[in-house]
Amino acid sequence: MSDAPQIRPFNAGDLDACYAISLATGHAGGDASHLYRDPKMMGHIYIAPYALLEPGLTLIAEDRDGVAGFVAGVVDTSAWEERLEREWWPPLRRRYADPVDVPPDRQTADQRRASMIHHPAPTPVEIAARYPAHLHMNLLPRLQRRGVGSLLLGSWLSAAGARGALSFHVGLNRMNRGALRFWSRQGFSALALKARVEGRTCWMGRDTAPQDNQVIV
């Protein structure tokens, strides 16, 4: 392999590395490993279903030291959430208890993710309708600020575009300032919801051909 990171399709042997990357970047972009007893809780939500159910839209960034990043997503968010209900969440719900009796402010990190597995919050309807495709991207620090994210995103947008995707969204932790700057530089604009929703998620959207009705918040 050359010194330059390579972007390639996901293969099944990458899954454990993707789980590890999801954990290593899961605390507002920083390492979340100190927060979780189960190191796969983050990956169960943010990478494994994409990699296993939609591998054609999962791409890997790899350097001489191994897999160091990924991008994954789907072209139809509403259909995807329905598919997760049929195919992905049921076995995880049998594996992890629903912490419904634990107040949210007393839940551990593992319990918060288990709650997401049992009660996944749907993407706001107006976002899923206006920007149907969505994606997640995670890079280890050694690949950050080297242009790899832009290349990885460009490759994914091309793959999604070949499937007819024209409008895209991401949901970001508002505390992850680096990610907010990155997506803004990639042409994603912060989106305002008609009904103000409290929480940590900042929604951002992008059109292949920019539209005037993206609203900056």
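Reader: How many disulfides does the count come to?

Author: This is a predicted model, in which local features need pLDDT of at least 70 and side-chain atom pairs count only at pLDDT 80 or more, while totals for chains, interfaces and linings use all residues. Residues are numbered from 1 along each chain as its sequence is written, and side-chain values use heavy atoms, with hydrogens and water left out. A disulfide is a covalent bond between the sulfur atoms of two cysteines. With the criterion of a pair of cysteine sulfur atoms within 2.5 Å, the number of disulfides is zero.

Reader: Is cysteine 18 buried or exposed?

Author: Buried denotes under 20% relative accessible area, exposed over 50%, and partly exposed in between (1.4 Å probe, protein chains only). Because its relative accessibility is 0%, cysteine 18 is classed as buried.

Reader: Which residue in β7 stands opposite leucine 172?

Author: Helices (H or I, at least four residues) and strands (E, at least two) are DSSP runs, numbered from the N terminus. Two strands pair if DSSP finds at least two bridges between them. Strand β5 (residues 167-173) and β7 run antiparallel and are joined by seven bridges. The residue in β7 facing leucine 172 is cysteine 202.

Reader: Why is strand β7 described as largely enclosed by the rest of the structure?

Author: One of the buried residues is cysteine 202, with a relative accessible area of 8%. Strand β7 covers residues 201-207, and it is largely enclosed because the buried residues number five of the seven.

Reader: Which residue in β7 stands opposite serine 189?

Author: Strand β6 (residues 189-190) is joined to β7 by two bridges, and the two run antiparallel. Opposite serine 189, the residue in β7 is glycine 205.

Reader: With which side chain does histidine 44 form a polar contact of 3.0 Å?

Author: Histidine 44 belongs to helix α2 (residues 41-46) and is buried, at 2% relative accessibility. Leaving aside residues up to four places away in sequence, its contacts (heavy atoms within 4.5 Å) include Trp88, Trp89 and Leu92. A polar contact is a pair of N or O atoms within 3.5 Å; within protein, one must be able to donate a hydrogen and the other to accept it, and residues adjacent in sequence count only if both atoms are side-chain atoms. The partner of histidine 44 at 3.0 Å is the side chain of tyrosine 96.

Reader: How far apart in space are valine 67 and phenylalanine 10, C-alpha to C-alpha?

Author: Valine 67 is part of strand β3 (residues 66-74), and at 17% relative accessibility valine 67 is buried. Valine 67 and phenylalanine 10 are 57 residues apart in sequence, and their C-alpha to C-alpha distance is 10 Å.
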